[in-house]
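This briefing concerns charged side chains and the strands that surround them. Please keep the sequence and the three-dimensional view at hand while reading.

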Amino acid sequence: MRITSPSDREGDDICLTRDRCSTENLIAALFFTRRALNMDAVGRTFKPLWRIEHGFTVSNEGAHKVLFSFGSSEDVDRVLSGEPWSFDKSLVVLQRYNRLTPLEDLAFDKASFWVQVHNIPIGYRTKSVAEDICESIGEVDRSTIDSECEGGNYIRVRVILDVYQPLCRGRVIKMENGEKVWVNFRYERLPNICYWCGCFDHSDKDCDIWIESKGTLQTTSQQFGSWLRANQTGPSKKNVVRVSGFYEDRPENISTRRRREMKKVPVQTKTSETAPQPEKDISDMEADFAEIPCTEHCDVTSQHGKSASSVLERENMGEFFSRKIREIDKDLGIYDNSTNSAQVENILSQKETSPLFELEKLRNELEENKCLQQSHNSIHTTNESRGTPLQDKTNTPEGPVLADASLQAKWKRYLRTADSFPDNKDDIPATKDDKIGSKRSISKLIDQSELPTTCPMNHILPLSKERKIEFQNLHPAIRSAQHKNHTRWKPPEVDVYKVNYDGAIFAEQGRAGIGVVVRNSAGAVLASLSQQVPLPSTVAQVEAMAARKAVELALESGFSKVIFEGDSDTIYRELISIDPSLALHGHVIQDIRCLVSSFVSFNFTHVRRQGNNVAHALARWAINSPNSTVWLEDVPLDIQYVVQADLASID
């Protein structure tokens, strides 16, 4: 509606000057999604992706147009340099806005993409050739550095595309000899497009080609597909590296002779016997040994002087010390079992002349050593008349007797004899302390009055509990060590996101559930998913589908450094293995390996069920909804207590 005749109060008597214009740094955005926009959901989606230090403001301007307000121009530049961005899997076109141009006049027709150019002949695989090939699909940014463009078997080119034109699938190039070669284009972080016409602004069902066919077209007739998406995002996965020269970064490995030539230091000759000779360091000496073969009669000391001899002394120092110790022990006779009186007297006579030893103290020590040796020899000496010290005995009411080979003994024990063995074993009186099974004399250990004579059967359990409590009170460290350490969820490092996944089986309903949750280093939930799927034939297939859904959710959310964690050891081993999986879910494992190459860094870990409670609860929750449900920075109300339990367990 246009007003042609304004009244006096509606006149133009007010003027707005530039100094009153807002100085905020703005970005205008057009969302290609067909769904209604929720500003809270938009803010939660781009908050972990943009990581603005002081935050930003989101304003809904209608017609799927949104204004983002930032505190500095550096934040605006960083967001624009990270294009393309997507919301609800649809493209979001961004444009710098200065508030002077009406929002309705903005075109929103340009977006920057990294385009991978494949199948370029190896001899022509350069940055300039790839940029010339991409001139036909959009405006090429030639200011990119070479390290960002190297991709191994392809070249990356930064191109500004017209989002209202169909994507180019490739281009035919002509060689000098007349041969024609088809070059493929792959687009990194490509959002949803129409597979009938290749445009961004509508889906397959809204395409004119599909509508005009009245649903008669088959998907095999589509000229575009998911194969246009590149597997790798950015130059994080290095396919081209430069290897430095052998002597470029390690000059210390150069031999002594070559180092002398580089430094141009003349080799001095020996003019006199008293002239001082420069000492070589160990690395120089080792290099000379490697260059000059040493003959059988070469003199190391004469060639290398004091340094070589000091090295040999250091090598033989341990052996020399051990040899001296053995000589001292031999002189003292400490470890000699055959020590006799003559040797003792000889040692004593030698030590009497030494002022370093006290005669009386040494004599007492040697006499004690002699007694110990004699006692040791008497214990290990056997006598045919009395048998071995440990004999096979049989328990009888009258006492221990020798076992008879003709009788079947109920049980047998070894009888340990006394501390020393007299010549006549019959002289030893049988006592109560020497019965079978007593390794030592009980009377020498504890008081006989403290031992209970009899204990009823019903008193054994209470008595054992009292003894256990008494022991634990006296040894609190042992009591605390007996507690089992339960598995807990551990947060990732800063700037790294952990994605937990799990599957659940609903056998009665013939369905299965998938649960995924994404959390940061503080344990805060950034995204969660619960999906109900048909029941596969094996449990491992459910876990593999949950792992793939976790990777897809992380990709769609824009996380670059991710840890994927699940409680299935089978799936974990297959994911970290380099061998192809031959199981029924082998194709799912292969899909995951292809998808994870898009991350800057990723890792697979395994955890027990106790450390995967949130993902398991989300998988169980899938029975409540037949569709896939996604929450941003939230989980269902009946699962929030599980998240709080994980937060409470964080150290």
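Glutamate 565 is buried in this predicted model, with a relative accessible area of 6%; buried means under 20% relative accessible area, exposed over 50%, and partly exposed in between (1.4 Å probe, protein chains only). Its salt-bridge partner is lysine 498, with 3.4 Å between the closest N and O atoms. A salt bridge is a side-chain nitrogen of Lys or Arg within 4 Å of a carboxyl oxygen of Asp or Glu.

**Basis of the model**

- Because this is a predicted model, local features need pLDDT of at least 70 and side-chain atom pairs count only at pLDDT 80 or more, while totals for chains, interfaces and linings use all residues.
- Residues are numbered from 1 along each chain as its sequence is written, and side-chain values use heavy atoms, with hydrogens and water left out.

**Salt bridges**

- Lysine 498 is buried as well, at 7% relative accessibility.
- Helices (H or I, at least four residues) and strands (E, at least two) are DSSP runs, numbered from the N terminus.
- Across the whole structure, a search finds 16 salt bridges.
- Side chains of opposite charge can pair when their charged atoms come close.
- Lysine 127 and glutamate 131 form a salt bridge at 2.6 Å, N to O.
- These two residues are separated by about one helical turn because they stand 4 residues apart in helix α3 (residues 127–133).
- Lysine 127 is buried at 19% relative accessible area, and glutamate 131 is buried at 4%.
- Salt bridges with shared partners join Lys127, Glu131, Asp132, Glu135 and Arg142 into one network.
- Arginine 35 and aspartate 88 meet through their side chains in a salt bridge of 3.4 Å, N to O.
- This pair also spans distant parts of the chain, 53 residues apart: arginine 35 is in the loop between β1 (25–31) and α1 (39–50), and aspartate 88 is in the loop between β4 (85–87) and β5 (90–97).
- Arginine 35 is exposed, with a relative accessible area of 58%, whereas aspartate 88 is partly exposed at 33%.

**The five-stranded sheet**

- Strands of a sheet pair through backbone hydrogen bonds, either parallel or antiparallel.
- Here, 5 strands form an open, antiparallel sheet in the order β2-β3-β1-β5-β4; two strands pair if DSSP finds at least two bridges between them.
- β2 (57–62) and β4 are the edge strands, each with a single partner, so one side of each has no neighbour in the sheet.
- β4 and β5 pair in the antiparallel sense over 3 bridges, and tryptophan 85 has valine 92 in β5 as its bridge partner.

**A buried arginine without a salt bridge**

- Arginine 186 is in strand β10 (residues 180–187).
- Arginine 186 is buried yet has no salt bridge, and the nearest side chain of opposite charge, glutamate 188, is 11 Å away; Lys and Arg count as positive and Asp and Glu as negative, while His and the chain ends are not counted.
- The arginine 186 side chain reaches the backbone oxygen of tryptophan 227 at 3.0 Å.
- Beyond its neighbours within four places in sequence, arginine 186 is in contact (heavy atoms within 4.5 Å) with residues including Trp114, His118, Trp227 and Arg229.

Methods
A polar contact is a pair of N or O atoms within 3.5 Å; within protein, one must be able to donate a hydrogen and the other to accept it, and residues adjacent in sequence count only if both atoms are side-chain atoms.
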